Protein chains: 4
Amino acid sequence: MPLAHDLASPVQRETPDTLHTKEWLRRYQRVRQASERICEPLCTEDYVIQSMDDVSPPKWHLAHVTWFFEAFLLTPFQPRYRTLDPVYDSLFNSYYETHGVPFPRPRRGTLSRPTVADVYRYRAHVDDAMAELLESLPPEHAEEILRRLELGLHHEQQHQELLLMDIKHILAQNPLCPAYRGDLMPASEGGMPETAWIEHAEGLHEIGHDPHGGFAYDNEGPRHRQFLEAFQIANRPVTNAEFIAFMQDGGYERPELWLSDGWQQVGLEGWRAPLYWVKREGTWYHFTLAGLRPVDPSAPVVHVSFFEADAYARWAGARLPGEAEWEVAARNVAMRGNFVDSDHLQPVAAPTRADAPGQLYGDVWEWTGSAYRPYPGFKTLPGTLGEYNGKFMSGQMVLRGGCCATPADHIRLTYRNFFPPHARWAFSGFRLTREA
Amino acid sequence: MPLAHDLASPVQRETPDTLHTKEWLRRYQRVRQASERICEPLCTEDYVIQSMDDVSPPKWHLAHVTWFFEAFLLTPFQPRYRTLDPVYDSLFNSYYETHGVPFPRPRRGTLSRPTVADVYRYRAHVDDAMAELLESLPPEHAEEILRRLELGLHHEQQHQELLLMDIKHILAQNPLCPAYRGDLMPASEGGMPETAWIEHAEGLHEIGHDPHGGFAYDNEGPRHRQFLEAFQIANRPVTNAEFIAFMQDGGYERPELWLSDGWQQVGLEGWRAPLYWVKREGTWYHFTLAGLRPVDPSAPVVHVSFFEADAYARWAGARLPGEAEWEVAARNVAMRGNFVDSDHLQPVAAPTRADAPGQLYGDVWEWTGSAYRPYPGFKTLPGTLGEYNGKFMSGQMVLRGGCCATPADHIRLTYRNFFPPHARWAFSGFRLTREA
Amino acid sequence: MPLAHDLASPVQRETPDTLHTKEWLRRYQRVRQASERICEPLCTEDYVIQSMDDVSPPKWHLAHVTWFFEAFLLTPFQPRYRTLDPVYDSLFNSYYETHGVPFPRPRRGTLSRPTVADVYRYRAHVDDAMAELLESLPPEHAEEILRRLELGLHHEQQHQELLLMDIKHILAQNPLCPAYRGDLMPASEGGMPETAWIEHAEGLHEIGHDPHGGFAYDNEGPRHRQFLEAFQIANRPVTNAEFIAFMQDGGYERPELWLSDGWQQVGLEGWRAPLYWVKREGTWYHFTLAGLRPVDPSAPVVHVSFFEADAYARWAGARLPGEAEWEVAARNVAMRGNFVDSDHLQPVAAPTRADAPGQLYGDVWEWTGSAYRPYPGFKTLPGTLGEYNGKFMSGQMVLRGGCCATPADHIRLTYRNFFPPHARWAFSGFRLTREA
Amino acid sequence: MPLAHDLASPVQRETPDTLHTKEWLRRYQRVRQASERICEPLCTEDYVIQSMDDVSPPKWHLAHVTWFFEAFLLTPFQPRYRTLDPVYDSLFNSYYETHGVPFPRPRRGTLSRPTVADVYRYRAHVDDAMAELLESLPPEHAEEILRRLELGLHHEQQHQELLLMDIKHILAQNPLCPAYRGDLMPASEGGMPETAWIEHAEGLHEIGHDPHGGFAYDNEGPRHRQFLEAFQIANRPVTNAEFIAFMQDGGYERPELWLSDGWQQVGLEGWRAPLYWVKREGTWYHFTLAGLRPVDPSAPVVHVSFFEADAYARWAGARLPGEAEWEVAARNVAMRGNFVDSDHLQPVAAPTRADAPGQLYGDVWEWTGSAYRPYPGFKTLPGTLGEYNGKFMSGQMVLRGGCCATPADHIRLTYRNFFPPHARWAFSGFRLTREA
């Protein structure tokens with residue numbers, strides 16, 4: 001997934017005075033350590049693999065998020081800073097073309113050097129320089145530095161999620177079915193009640209980030225008004241059991257259920273089930289970060305594309321919510337859920353209520369029916385950091401709510417994630433909506 | 001372009017009583033003759049060529065629109081009807097998969113038979129049977145027959161426009177630069193004034209087809225409400241002179257102006273100017289249906305992709321209108337313009353007023369910034385005709401207003417055309433919008 | 001098939017004195033008429049199609065062979081000559097890169113103009129100019145002109161064969177299964193006896209064109225010595241019945257029978273039978289120039305690739321002959337057979353003798369086990385005509401003996417045809433060889 | 001390069017009595033250690049990379065050669081043997097389709113597990129079992145076991161060479177230009193005299209492996225007779241200085257010098273110099289296993305394809321030798337040269353004599369003009385080991401003589417190496433031949 005987010009600017013943030021830079025440094029260190037903790041279970045060899053063009057080797061992720069601080073904070077604001085190797089500036093530039101020529105993305109998996117140890121050295125080198133910078137902030141740049149710092153930390157958190165989905169994809173290629181970790185939290189048992197539908201009357205709504213509401217990526221604003229016709233939204237995501245019913249009803253064989261592009265994809269890639277599913281002696285298993293496991297009927301279905309979500313919805317006589325509908329439905333819901341911090345690293349069944357939407361946050365990124373396009377009044381920022389502020393706003397669909405690999409303090413009501421409609425390696429699922 | 005339109009159903013239409021079937025037959029014949037008139041200037045050889053996957057051979061168009069009447073009217077409602085050849089049912093089925101297996105689209109250009117003469121025989125055969133059907137309408141099916149008839153006629157008109165854009169593409173491949181016709185209407189001379197901006201206040205609007213307003217494709221409904229923030233829209237499309245200024249300012253060489261997918265396309269296809277443009281001794285020419293001609297600075301730019309339109313708008317500090325904005329701006333504007341009936345077959349300069357939008361209809365299909373997605377409450381129809389009613393609603397952008405190849409009585413305020421963002425062989429241009 | 005032959009020079013030929021130029025003109029006209037006679041059964045539409053990259057539209061063949069006379073005889077030796085259109089010089093140049101930039105081969109099927117009538121006008125125009133040139137030969141160039149004339153006539157004969165195989169491929173794409181001609185000569189009935197093996201003792205042989213033996217392409221020389229170990233060669237080509245036995249024994253499913261590249265091709269293209277074969281209710285049919293016909297068990301199998309021939313031979317415990325073995329076996333055999341002049345346009349069963357090889361000439365081009373490489377001492381000629389004299393000598397295999405589409409006076413003992421090992425649309429079959 | 005060699009069987013070998021099995025075990029251990037010594041300078045990360053489809057990750061090489069002993073010796077002849085993991089049997093099967101379904105070659109670089117340490121454990125496990133097997137040879141299988149052992153050792157030596165060329169390719173992708181080793185032997189200085197030509201009279205020769213001559217791959221036999229016309233062969237390979245002269249004379253821009261397929265490759269891949277060459281400030285450098293180094297004018301040119309060798313030869317008015325010519329020229333030449341044991345790992349200049357061919361062995365594999373096809377009488381062996389004995393005998397060219405990465409005791413006069421004509425990552429060069 002291209003990260004337009006990288007480039008986002010906070011719509012509003014606290015001034016340097018409101019938070020001591022010491023706290024910023026602690027926060028910096030906390031985020032940085034979290035990335036390394038994610039990689040702890042890896043073998044050196046795991047760090048090197050690029051299992052498809054969309055996946056990056058874990059060591060590349062670790063280096064790229066580091067480069068972000070180097071390129072946008074140290075190089076401009078720390079005159080004494082010296083890079084470890086000038087070639088890194090191209091190797092770890094993801095797609096900032098006005099910054100320089102990035103090393104070609106599909107070739108990231110051909111680089112054995114810098115080694116994993118080199119990359120950790122690079123991280124330590126940048127961390128030392130960052131600590132030094134934050135400990136003696138040049139006052140004339142303090143505001144801009146902290147603005148970029150906050151962005152850089154969100155950027156790194158976003159890559160933590162990417163790391164987990166990429167690691168899963170890498171290990172899933174391997175006929176040895178290696179588990180990433182054997183000690184993940186198990187899901188609790190429990191059935192899944194019938195879907196209930198939450199009603200929403202028609203009305204005019206403010207959508208998008210509230211400029212007084214703390215950090216957000218620029219694509220979450222400007223806040224603007226949208227009129228929504230009345231709608232009903234399901235109280236929980238579609239489950240594996242429900243998705244299996246769709247499969248058993250010929251879901252993958254009936255062209256009338258599919259968008260034309262989706263039907264073509266079904267044929268090209270031979271889709272017959274969600275990604276990572278295999279059938280053994282009549283039972284569905286799927287590859288998880290804990291290895292190959294039976295599919296839990298009550299858990300939200302995951303690793304489905306927008307095309308599959310859309311086909312399911314048509315089959316079920318419903319549709320996907322628009323992103324504004326999702327946002328309205330989530331407006332007064334507490335931001336709790338199965339995030340990375342729960343240590344499941346897999347969506348799990350959860351109790352839901354018939355009168356309130358459940359599992360909006362965490363578990364699975366929920367495909368919406370909205371194409372990823374700019375909000376009215378959206379403007380790209382000046383300079384390289386803002387260079388591409390909307391450059392991914394074509395050919396992709398919006399997803400909402402975060403997933404089981406998202407850091408809990410990284411998600412927001414207005415957060416707009418996006419993937420191409422055929423993508424399946426993210427932790428993506430969906431919930432249904434219908435007319436009132 | 002896949003024609004989801006094919007499948008559309010009129011949201012509302014007059015009853016069989018309101019129009020004598022004789023009038024319907026006359027209308028049928030008028031539309032059918034128009035298709036053949038478009039092909040009159042062709043050599044037999046021109047009818048056979050498929051210059052790229054998206055283009056169909058002209059004889060295929062002539063046969064496919066005929067098959068539509070055969071498959072959806074004669075076969076179900078005329079028991080005595082006998083087809084000329086049962087193989088035609090697959091050859092001329094475009095994409096109706098529940099009807100049968102369509103002959104593969106990219107192979108249409110490998111079929112020398114049926115010959116052009118055979119295709120005209122097929123048309124006459126179906127025309128005779130249609131006349132017979134309309135002259136003695138089975139009363140129990142009369143309403144459905146006329147409903148499908150009206151759809152079939154709009155379908156054929158839509159293919160008339162496709163015929164012209166495909167013929168242009170076919171002839172443009174040829175180093176001999178053959179003109180389609182030497183007797184097209186010339187454009188009148190005339191400068192082009194500065195762009196003026198028409199203001200629109202914020203407000204809640206009804207968008208989409210009015211169910212009491214005559215025929216429309218189903219994707220134009222349901223009528224629903226949208227809130228729009230205040231905006232300004234240009235009083236005319238962007239001209240060739242303006243687009244040349246963009247080119248001269250490095251428009252095709254500056255990644256920061258482009259969507260990421262668009263920039264990739266620029267590299268892959270080596271775009272340096274709109275499609276059909278060539279530079280000779282410092283002057284820009286373009287291939288037109290009248291042959292190679294100098295580019296008219298005052299005429300609307302045409303044969304640009306959404307990506308080029310979007311990059312130009314960014315360069316110009318503006319953006320493309322949303323389709324609802326376009327519809328609001330066009331609401332009270334007379335539906336006049338340079339259509340196929342003007343016999344230019346090329347966009348031309350036109351006088352505009354500073355206080356009213358000009359050239360909204362005709363000349364060029366205008367790219368909007370809206371992804372082609374269903375309106376709230378949109379439902380697909382039952383049966384084969386409705387099988388794929390929304391199946392093209394991913395990966396495409398909406399265009400509005402018709403072009404110089406559109407029949408004047410085929411266009412509507414609410415008409416939603418759509419193409420992939422990289423497509424350039426339609427008569428596609430754009431106008432600018434900006435925040436108020 | 002690229003025609004390195006085009007470029008060949010006669011190893012030896014009669015002087016201008018030995019043949020009156022009138023006879024040359026008659027021969028020219030005879031060959032030219034034969035090309036047009038082949039195209040007589042075509043509809044205009046058939047002339048335009050390029051059914052795959054390797055196939056050229058029939059009107060392109062007719063124009064290209066004409067261009068050959070224009071480019072290599074009229075332009076250099078007839079100062080008064082004026083071309084009909086200078087663009088033709090690129091359009092109809094096949095691959096002579098020092099002559100100019102040829103129009104891209106895979107785009108030949110996108111050209112509707114010049115029309116078929118234009119191409120016949122072009123032929124008449126060149127024929128008139130050629131008659132004039134031959135009637136008043138400039139003495140100082142007479143020898144070179146006649147040398148090139150003879151080459152041009154062989155070149156055109158070669159394209160007559162290509163025309164027939166390309167026409168077959170074009171018509172075979174069409175679900176209507178149109179016959180090229182309904183009046184072809186039927187095969188006579190008759191069983192096919194067991195294969196007999198003709199013995200050849202070891203020995204040193206002269207291989208290649210005898211410089212005193214009339215016209216030959218340059219790739220047939222120089223004559224040189226080869227030592228052959230003793231071998232046995234079959235008295236006839238492998239038949240359809242035999243090939244069906246191979247198919248029934250799992251021939252297409254057993255990787256151990258195939259060259260690695262061949263096995264990959266089987267998978268990629270889903271080969272299960274020779275090209276043009278279809279099974280209907282348990283019986284094998286194949287598309288022929290007379291339409292869809294039952295496969296004749298006794299006729300030589302045709303439209304198989306080198307890979308299929310090689311796999312069959314391995315299955316049969318034999319191998320394909322080297323081209324020198326074939327030439328030695330054919331040395332004292334009369335050059336009779338089922339050529340284009342027999343008007344079958346399909347291989348047919350023929351009586352054979354146990355003590356002499358049958359059907360060496362005509363019926364099917366026979367794949368040999370020899371890669372197409374230069375003979376020792378082979379040299380390319382100076383100038384454009386010789387520019388590429390060996391340029392196709394990689395990646396192809398040699399075939400010998402001509403086929404049912406070859407003009408009888410075009411074939412020779414030493415004639416080296418060549419195709420890539422996966423090609424199947426030529427009239428290609430094979431016979432077996434084994435160690436003595 | 002596919003290794004048909006893998007499968008070869010010795011044409012003749014010493015009986016088990018002639019060599020004590022202890023000596024075999026020592027030889028086994030020596031070869032096995034050599035593979036590991038080659039990998040010593042690698043980082044763990046280097047072992048994992050597959051830089052193109054033709055390259056295998058070094059850890060795959062180490063495991064595959066081990067699998068060879070497991071699959072063909074331990075599993076059939078050592079009943080007590082237990083594999084470490086049954087999945088290895090597919091992962092490390094290269095292409096033996098009757099043995100089982102090999103893991104797809106182009107996906108070898110997606111496997112992080114088994115780790116490098118796991119692979120070394122696998123090697124030790126198999127080595128222990130092999131020692132046990134050899135120490136108590138079952139007498140009834142002793143001959144077959146030693147036959148396969150010898151084949152397995154040659155197989156592993158062949159992979160040692162592949163390891164070095166693959167490691168070079170892997171490191172060469174990296175903008176950091178990492179050296180494989182910093183301590184390689186430097187070349188000695190020294191000019192390069194003019195080419196001298198060694199004459200060979202015409203004659204009948206015995207070609208191929210002498211069945212009384214020790215081990216050989218099966219493709220080197222049967223020994224058979226070939227008649228050669230008189231020829232001259234150069235006393236040394238073409239040098240970098242000579243190849244630069246070709247480049248400066250427009251060698252890569254002149255289509256008339258190239259085979260058609262080669263010219264297409266030049267365009268597709270933008271060839272302008274041998275693989276690994278870069279020009280910096282007017283000087284040519286190339287990437288070597290010692291890092292980026294200036295090109296030595298007197299050393300043999302290396303990393304050129306057959307197409308480049310062939311084009312150079314045409315430019316020079318010469319040609320490449322046939323493989324029989326090469327073998328005749330090398331017949332009485334001592335098998336000395338710059339092999340892997342010299343520890344240059346790069347071709348180097350060497351003194352030559354005008355009256356004897358130099359550098360036939362070592363330095364560069366020499367492209368011949370011979371397509372890789374079976375010798376007369378060649379038969380594939382029964383069983384999996386012989387399954388594909390000739391399966392690579394299409395589409396490739398023969399190379400002779402070994403290179404700077406070949407173990408000295410692995411090469412033979414009759415050794416037939418082969419690569420596709422476009423391949424460049426082997427240590428491939430060439431020498432010229434011409435008619436007498």
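**Burial and fold of chain A.** I started with burial in this predicted model: of the 436 residues of chain A, 52% count as buried (20 or more other C-beta atoms within 10 Å of the residue's own, with C-beta atoms placed from the backbone). I kept in mind that, the model being predicted, local features need pLDDT of at least 70 and side-chain atom pairs count only at pLDDT 80 or more, while totals for chains, interfaces and linings use all residues. Residues are numbered from 1 along each chain as its sequence is written, and chains are lettered from A in the order in which they are written.

Next I looked up the secondary structure: chain A has 10 helices and 12 strands (DSSP runs numbered from the N terminus, H or I of at least four residues for helices, E of at least two for strands). The radius of gyration of chain A, taken over C-alpha atoms, is 22 Å, close to the 22 Å from the globule rule (2.2 Å times the number of residues to the power 0.38), so chain A is as compact as a globular protein of that length. Its C-alpha trace spans about 65 × 55 × 40 Å along the principal axes.

**Core.** I then asked which residues have the most contacts inside the largest nonpolar core. They are Met397(A), Phe427(A), Phe427(B), Phe427(C), Met397(D) and Phe427(D), in a core of 409 residues (a set of buried Ala, Val, Leu, Ile, Met, Phe, Trp, Tyr and Cys residues joined through C-beta atoms within 7 Å). Leaving aside neighbours within four places in sequence, Phe427(D) is in contact with residues including Met165(D), Val302(D) and Trp365(D) (contact: C-beta atoms, placed from the backbone, within 7 Å).

**Chain D against chain C.** Here I found 28 residues of chain D in contact with 28 of chain C. Strand 3 (224-228), helix 7 (260-269) and strand 8 (365-371) of chain D each give two or more residues to that side, and strand 3 supplies the largest share, 4 residues. I noted 11 nonpolar, 8 polar and 9 charged residues on this side of chain D (nonpolar: Ala, Val, Leu, Ile, Met, Phe, Trp, Tyr, Cys and Pro; charged: Asp, Glu, Lys and Arg; polar: the others, Gly among them).

**Chain D against chain A.** In this pair, 25 residues of chain D are in contact with 25 of chain A, and the chain D side divides into 12 nonpolar, 9 polar and 4 charged. I laid chain D on chain A by a turn of 180° and a shift of 0.0 Å along the axis, with an RMSD of 0.0 Å (least squares on C-alpha atoms of residues with pLDDT of at least 70 in both). The two copies are therefore related as by a two-fold rotation axis.

Key. Contact = placed C-beta atoms within 7 Å. Buried ≥ 20, exposed ≤ 12 C-beta atoms within 10 Å, placed from the backbone.
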